[in-house]
Amino acid sequence: MPAPIALSLLTPNASEPDDRRLRDQLVFAFATGDVGEAFEVLVDERIAPPTEWRPADYERDLFLSVFLERAFSPRIAGVRVTPRLAFLYRVVAAPPSDERIVPFRQAILRELSENVELRARVEEFYLGVLDLRTNLSKTGIVNTDPFERRLNVLTSLRNLVRVGVQVDASSGVSCIGEWSRNLSDSEGFQRLASLLAYESNVAEIDVRLRIGFEGKIRDFKILNEKVDAENPFDRSQIGKWIEQTSLFLRGRKFGEHELFAHLMDTVFDGVADALPPLFPFVGDLEVILGALAFRDRAAKAGLATSLPTLTDGGPREIEALFNPLLLDGPHGRTPIPCDLVLGTDGALVVVTGPNSGGKTRLLQAVALTQLLAEGGFFVPAVRAQLPRAAGLFVSLIDHADPDQREGRLGTELLRIRKLFEALGEARNARKERRPLVVLDELCSGTNPEEGESIFRLVVKLLGEFRPETFVTTHFLAFAKRLAAEAAAGTAAHPALLFLRVELDAAERPTYAFLPGVAETSLAHRTAERLGVTEEALRALLAQGNAAN
């Protein structure tokens, strides 16, 4: 048996360890089918590439698990496939340190998105691996004849290889074709194919039956029997023995099954060395097919995705950016794209505007775009050029903790402390890159005067360290003073930028963003929309009094 070919869609130049334990487990599974979810768990145990990012700094506020469960579940042949989320999560949540990985993954996704036939072959191969895994793992819960189950395993493997040899690709997907052709050309696989061909046509028999009035067979007579003399199993001593002793319906079945079962065990043992890389590889397939599924979902909503360009520093330019968390959401809303062009490296961008104007959604979109880009996946934008980041820190949601000891101000100060702890670690890890920081409603937990003082301290320190930062605030007067200081060249931060929510003529947000500081947060509009006006509240009181 030739040396097994490595299978990887996530890391270039991967190598497969000689896993004798897994090989023995496969042989045991073939013989008994009693292995539970052992092969499914191999996906969960697959090691993701090393990373320098800390998912704890952003995963919760980006609702990453919700996003992946919704957007990265492929639909193949009209059926939604549920991936093993543990491995998918580890890969997407932790961008790789090895810079070769991003172009490797992008090349795979680009080729599969442009070649519909190739993608169909890869999807068919994926389904074939799942079918093989299911047949190997069938236990006593499924009432399957042991002979039939082993025959199904061999048939699944043969069909899988027949699909795989048709995978002809120029990207990393080529490993599927290489693995399949390597196995297909082996002597062990040739014996497997011959055995299945022999089993499917052991003999053609003409039989005359005599049936009684009650429908039971009273007697039979074999009139003619033809055996496939071209099959190597027929020309072997075993084949001759079967031909000489076979008496269909006269005890032939029992002897032949016993002998054929032994043959199947021998044949499977001859191909088992090639199979250990196959089942962990399901995780790679689910990541890549999941990324394509995200692209499909966006396209269905009329939104474009793209494979971004990552640079070492420079401007951040994103065209038609949308928030992917709004895809397939419970409220059925279609995200509204916006453009984001920032020509200054290491800027602090202050975002202002009315409540429900899209500020927080913008910050989520920026952070998710950076995370997906650093992993080599499609981003939610028509086009994106992004500076590589040393890490990501996101704080968007005020998470209530029943055991927390601090009030809102104390909690806010701890959030700021956590930010600088994370920035210090990121600075030590990759000094040549800037982290990306995303903060929502900085210092909103205290009065404006004290909040502005803390805000100014954070701006000053971030100006010294220069991570790229996006922060929202409703301290509009303070934001205007910062803008004036930046225009005069006296700001504590050397690269302050300001974005405001665009409003239409009726003061409704368009969910686009323009340079500058908002004039108002339009709190009265939000109150009207939510029914919190004096008239609405009095009406609620009146309803309560009438009910009593």
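Modeller: Let's begin with helix H14 (residues 359–375), which lies across E5, strand E6 (316–321), E7 and E9; lying across rests on contact, meaning heavy atoms within 4.5 Å. This is a predicted model, where local features need pLDDT of at least 70, side-chain atom pairs count only at pLDDT 80 or more, and totals for chains, interfaces and linings use all residues. Residues are numbered from 1 along each chain as its sequence is written, and side-chain values use heavy atoms, leaving out hydrogens and water.

Colleague: At about what angle does H14 run to E6?

Modeller: Helices (H or I, at least four residues) and strands (E, at least two) are DSSP runs, numbered from the N terminus. Axes are lines fitted to C-alpha atoms, for helices over the stretch in contact, and angles run from 0 to 180 degrees between N-to-C directions. Going by that, H14 runs to E6 at about 110°.

Colleague: What is the order of the strands in the open sheet?

Modeller: Strands pair if DSSP finds at least two bridges between them. Three bridges join E5 to strand E9 (residues 383–387), and these two run parallel. The open sheet has four strands with mixed pairing, in the order E5-E9-E6-E7.

Colleague: Which strands are at the edges?

Modeller: Look for strands that pair on one side only. Those are strand E5 (309–311) and strand E7 (338–342).

Colleague: Over to the helices: is H5 parallel or oblique to H13?

Modeller: Helix H5 (residues 101–114) and helix H13 (residues 281–300) pack at about 55°, with axes 10 Å apart. Angles under 35 degrees count as roughly parallel, over 145 as roughly antiparallel, 65 to 115 as roughly perpendicular and the rest as oblique. That makes H5, relative to H13, oblique.

Colleague: Which residues in H13 do Phe87, Leu88 and Val91 in H4 meet?

Modeller: The axes of H4 and H13 come within 9 Å and cross at roughly 60°. Phe87, Leu88 and Val91 there meet Gly283, Asp284 and Val287.

Colleague: Which side chain does Arg84 meet in a salt bridge?

Modeller: A salt bridge here is a side-chain nitrogen of Lys or Arg within 4 Å of a carboxyl oxygen of Asp or Glu, and the whole structure has 22 of them. For Arg84, the N to O distance is 2.6 Å, and the partner is Asp44.
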